[in-house]
Amino acid sequence: MSIATDQARVIEGVKAEQWVRIYRRMVMIRQFEEQVNELYTRALMPGLAHLYMGEEAVAVGICEALRQTDYITSTHRGHGHCLAKGASPDRMFAELLGKEAGYCRGKGGSMHIADPATGNLGANAIVGGSAGIATGAALSSKRLGTGQVTVCFFGEGALGQGVLYEVMNLAALWKLPVIYVCENNLYNEYTHYSETTAGDMLARGAAFGVHAESVDGQDVRVVYATAERLVERARRGEGPALLVCNTYRYHGHHVGDINREYYRSKQEEQEWKTKRDPIKNFAEWMIQQKISDAAALEQMQKEVRAEMKAAVEFAIAAPYPKPEEAEQDVYA
Amino acid sequence: MPEMAVRELTFAHAVREALAEEMRRDSRVCIFGEDVAEAGTPFKVLSGLVEEFGRERVLDTPISEAGFTGMGVGAAMTGLRPVVDIMFGDFLTLTMDQLVNQAAKVHYMSGGTWKVPMVLRTTLGATRRSAAQHSQSLHAWLSHVPGLKVAMPSTPYDAKGLLKTAIRDDNPVVFFEDKMMYKLKGPVPEQEYTIPFGVADMKREGEDITIVATSSMVQVALGAAECLEKIGVSAEVIDPRTTWPLDEKTLVESAKKTSRAIVVDEGYGRYGVTGEIASVIAEGAFYSLDAPVKRMGAMHVPIPFSPPLEDVTVPTEQTVFEAARAMCGKG
């Protein structure tokens, strides 16, 4: 079966309620990030955050193919991954505000959300820093025979890090159930990837015999169908894969990166937002397929917005950790 | 207490025995690193383990220190208890992000939810004629980082007991073995035992001066103490055994008793282990001291190759003896 027909088969087999759930998750991430930006501009959030807006189809499409017990590792731009894997927004916001009720009891913040209950091994603020952890988790799953698969999310900026290739080589040698998901949002912080990335991205995986392919990261249906196939392949013991998802970051490198004209044009941003928005395009398809209608989707947006506002309020009202907790949990 | 059967084992054999016992006890314990399986490492410390435990649990890796150390962190978080082998301590530089930013911080950053029960075994020590990139003692770098524990055995007995403790610890432990000490023999009981971290060991009791020594420098200090005895100076030798956690109490008490202290460690003196320990003693025993605490470490140069050059870069029995004699006003 060709990849295209296999993908079509997967997409065809998805039930309406699953598409609706996928839509809702993407909307949740979008609105979560809108609230984060708001918290930043209102000076309610300590530090900075790296927004995932524009890339929602990647996290949701990939995590939809995972079980709760499967592992992920995430990045500094990780809110989307954590939410897609099942984290709850109230504890996420609490962590972003440095509150005791946060996933890390306020010790991690935006860039380090971790949650054993949803298989989230942690977001990592070192670019490419979680590649070893993800591959090690895959080694555990294989050794212990648990059938778990690990997804290592990273941005195309991590393609410059040597450790990524060290562990890809090992994952291929040992046929580990790990999928390296490269989110190519075009910019390594403030630099276009073409200035930093020589040759062909997929060839980097292929050189190790790692199955490599790329997808339109703005189309959640294709991301999901591809992830489904690669996850099952890994679960069957057929080894690692590299999946490059071509996507776009709507905001700057972080919330404070406002003036971006020196590295990309407003016109470029506008084009991605109007023509290739993953949520808008998916909504149109759902309506066209009669999976849902405009009114129902709008209603869902409203519900999610209310949910996010309540989560923010929970976080704002939540107490800070006590100063004496600074010395807790250095050692297990 | 039943009498313990005691044998003489080499340091390498004691390390191997600790690993074998822990691997028999707990199927989650596994080893990975370069040439750890059939080769048993260049120092032959691991010989025989792959034959008993198989290639599933003793895994030869490519020459990718950062990669397989990072995998150790991930494997430790998800159910294995890896013992990662870094052939020479100098190669720790390649693993630093995985150790410092990942292993050391996972538990804390995750609010105490994830744990990293990983051991990283590596070597230290000069005078093997291995030049500047195979001779360093970099344990101070890791002792500096909250979240890591650092063990530095100085005898076969300590090596076995501390390594078993390291493997059972739920935190990342960096375990330094002096590569010149692998053939050193010493008594090791046949019965099961472990040695807790953060408990210093008095290697020799004395009255006039305390010599705090770590790892490779313990034998040097004991040799110096023998020579001091002959000129009527009674030296106490204290081995902290772990630089973190550090048994400050024992160090301070010994210095209070003898009123003089020298700290000897094979790492560089500046910003190093000797500075930290000297400061602990100075703060804790200030009113009992008859002299400033003296520090002795490696000369502040990259370790040179040529034997007459290399030999002057690290403390020796002779230099420690001279320093102690001068401090005690015996010449």
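Modeller: Domain bounds here come from an automatic or database domain assignment. On that basis chain B is divided into domain 1 (7-189) and domain 2 (201-327). This is a predicted model, in which local features need pLDDT of at least 70, side-chain atom pairs count only at pLDDT 80 or more, and totals for chains, interfaces and linings use all residues. Residues are numbered from 1 along each chain as its sequence is written, with chains lettered from A and ligands numbered from 1 in the order in which they are written.

Colleague: What makes residues of domain 1 and domain 2 of chain B count as in contact?

Modeller: Two residues are in contact if their C-beta atoms, placed from the backbone, lie within 7 Å. By that rule, 27 residues of domain 1 of chain B touch 25 residues of domain 2 of chain B. The C-alpha centres of these two domains are 26 Å apart.

Colleague: Why is Arg129(B) called partly exposed?

Modeller: Arg129(B) has 14 C-beta neighbours inside 10 Å, so it counts as partly exposed. Arg129(B) also has a positive phi of about 60° without being a glycine. Most residues other than glycine have a negative phi.

Colleague: What joins Trp244(B) and Pro245(B)?

Modeller: A cis peptide bond, with omega about -5°. Most peptide bonds are trans.

Technical notes:
Buried ≥ 20, exposed ≤ 12 C-beta atoms within 10 Å, placed from the backbone.
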